[in-house]
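Reader: Please show me the model, and then we can go through a few local features.

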Amino acid sequence: MALAARWNTIANLENNIMDKVRSIDLAVQYKNLKIEVDEAIERVLSSGYFIMGKEGDAFEREFAAFCGSSHAVGVASGTDAIYLALWAANIGNGDEVITSAHTSGATITAILQAGAVPVLVDIDPQTYTLDPKLVNDALTRKTRAIIPVHLYGLPADMAPLLDIASKHTIVIIEDCAQAHGAEYKGKKVGSLGEAGAFSFYPTKNLGACGDAGMVVTNNPELAQKAHSLRQYGWNVRNISDEIGFNSRMDELQAAVLRVKLPYLDRWNTRRIALARLYSQLLAGLNIQLPVTPSDRTHVFHQYVIRSAERDSLRQFLTNNGIETLVHYPLPIHMQPAYSELGHGEGSFPEAERACRELISLPLYPEMSESMVERVAAVIKSWKP
């Protein structure tokens, strides 16, 4: 049976049984790949090598090639990938790092773990990514890096950011946690800046069976330093040339990710097709739909719509068996943990409005068209 048909058959069966559309169903993906995944796990368990072995080495090579980068360094999580990339780029204590006010707390945590200072900038209200026009105003003599976040599967507008970085000798570390395989002007994210940081958290477009991450780069010195830092600063076993960390991707995760990587392009194509169907069915409603600028490929980690009556819409969807998510209920500067950054309400109005109005609809490659049609029909029947 063709893979697309298998997706629809399994998704329809489970949807009928549960009478509910889930935001994501990881079990369906495992069922589709069960034989390959089980064989990969058995291969690792039988080898007796569980950390820093052949699977991790192979996955680094394969993922670097996928991204169009020369080097990849497997680490324990996407958060680790960001702060290890910063450390490997010699960015740390007191250095300022510009990033988006609308992102996961993981981005900010990684900057702080590196000892640097997060400098927040507001977002473009159409793409929800870092607004390059506002970055110049945030530059100071302490600015050492910019971390654009490729949010919801859409690359940030990189050309003006790369221009700023070149003019001011600033490093760009791309946060690619939600954009595996997305492209900007024909180049994969992660290959545009000095380094790219990926998460393989299970819900990502390319997800492990636990935590895992990757630093990709075309800079051999940065790759070598990240490689050393992830394991106690070793270049020779048990000899620490510098103070490093314990952030290693284990062999089981690498083996599972190697099974999944060859499917990533077709999964992304499926996401794009389902997103297109959503947009066709929801056109003309008083809802802002996702945009994809012509110079970018959106891989729809999430299909995010916008409504001033978001909470009412979400409750209505819940009441009708549609599971949704609000990924960022508060922008970074309004979260208690980051109050010391010194920004009050009103500091980043576009990020604040996005957090009040955005909702993520169910979207994953194994969804059927009928499930998308059901979600759209419920939204059309909503009376705000």
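Reader: In β7, which residue is the bridge partner of Glu183?

Author: This is a predicted model, where local features need pLDDT of at least 70, side-chain atom pairs count only at pLDDT 80 or more, and totals for chains, interfaces and linings use all residues. Residues are numbered from 1 along each chain as its sequence is written, and side-chain values use heavy atoms, without hydrogens and water. Strands are DSSP runs of E with at least two residues, and helices are runs of H or I with at least four, numbered from the N terminus. Strand β6 (residues 183-184) runs antiparallel to β7, joined by two bridges, and the β7 partner of Glu183 is Lys188.

Reader: What is the strand order of the open sheet of three strands?

Author: Two strands pair if DSSP finds at least two bridges between them. β7 (187-188) and β12 (296-297) each have a single partner strand, so they stand at the edges. With antiparallel pairing, the order is β7-β6-β12.

Reader: Lys260 has no salt bridge; which side chain of opposite charge is nearest?

Author: Lys260, in helix α9 (residues 251-260), is buried (under 20% relative accessible area, 1.4 Å probe, protein chains only; exposed is over 50%, partly exposed in between). A salt bridge needs a side-chain nitrogen of Lys or Arg within 4 Å of a carboxyl oxygen of Asp or Glu. The Lys260 side chain does reach the backbone oxygen of Gly207 at 2.9 Å. The nearest side chain of opposite charge, 8.0 Å away, is Glu366.

Reader: Is Tyr128 buried or exposed?

Author: Tyr128 lies in the loop between β3 (117-121) and α6 (132-138), and has a positive phi of about 70° although it is not a glycine. With a relative accessibility of 5%, Tyr128 is buried.

Technical notes: Lys, Arg positive; Asp, Glu negative; His and termini not counted. Polar contact = N/O pair within 3.5 Å; in protein donor to acceptor, adjacent residues only side chain to side chain.
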